[in-house]
Amino acid sequence: MVAPEPRKQSLYEPFLTVGIDLPDAVTGARHIAPNMHIIASGGIRHGLDIAKTLWLGADMAGMAGGYCNVWKMKMASCTRIG
């Protein structure tokens, strides 16, 4: 994981210790609601992460971080004409 710029670090600070790790969230959700559909998302980087979430009990997994990064790079490289 790449460390954020120091200026942005202060923006992220309140959220660095908040939340539930994805494996804990998936297993906890499966334990509490065994008959519900569980979709794992957030922090999934490749197919192995998807396989792990399915093994932990998720029914589906979503992966968008890589696509968002490509889109962000593409938008940064666009120039405005006019």
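## Exposure and overall fold

A residue counts as buried under 20% relative accessible area, as exposed over 50%, and as partly exposed in between. By that scale Arg45, at 62% relative accessibility, is exposed. The structure discussed here is a predicted model.

The protein has 82 residues, and buried residues make up 11% of them. Its accessible surface comes to about 7200 Å², with 65% of that area belonging to carbon and sulfur atoms. The secondary structure consists of 4 helices and 2 strands. Read from the N terminus, the order of the elements is α-α-β-α-β-α. Among contacts with a separation of 6 or more, 20% are between residues 24 or more positions apart.

## Salt bridges

Side chains of opposite charge can pair when their charged atoms come close. The structure holds 2 salt bridges.

One of the salt bridges joins Asp59 to Arg30, and the closest N and O atoms of this pair are 2.9 Å apart. Asp59 sits in the loop between H3 and strand S2 (60-62), while Arg30 belongs to helix H2, so the pair ties together parts that are 29 residues apart in sequence. Asp59 has a relative accessible area of 38% and is therefore partly exposed.

Arg45 and Asp49 also form a salt bridge through their side chains, with an N to O distance of 3.2 Å.

Two elements, helix H2 (22-32) and helix H3 (47-56), each give two or more residues to its lining. H3 gives the most, with 4 residues.

The lining is made up of Leu22, Pro23, Gly42, Gly43, Ile44, Arg45, Asp49, Lys52, Thr53 and Leu56. By class, these residues divide into 4 nonpolar, 3 polar and 3 charged. Arg45 and Asp49 are both in the lining, and these residues are the partners in the 3.2 Å salt bridge described above.

Note on methods
Residues numbered from 1 in each chain as written. Predicted model: local features only at pLDDT ≥ 70, side-chain atom pairs only at ≥ 80, totals over all residues. Heavy atoms only, no water. 1 Å grid on protein atoms, 1.4 Å probe; cavity = no way out; pocket = protein on both sides within 12 Å on 5 of 7 lines; lining within 4 Å. Nonpolar A, V, L, I, M, F, W, Y, C, P; charged D, E, K, R; others polar. Salt bridge = Lys/Arg side-chain N within 4 Å of Asp/Glu carboxyl O. Buried < 20%, exposed > 50% of the residue type's maximum accessible area, 1.4 Å probe, protein only. Contact = heavy atoms within 4.5 Å. Areas by Shrake-Rupley, 256 points an atom, 1.4 Å probe, with all protein chains shown as cover.
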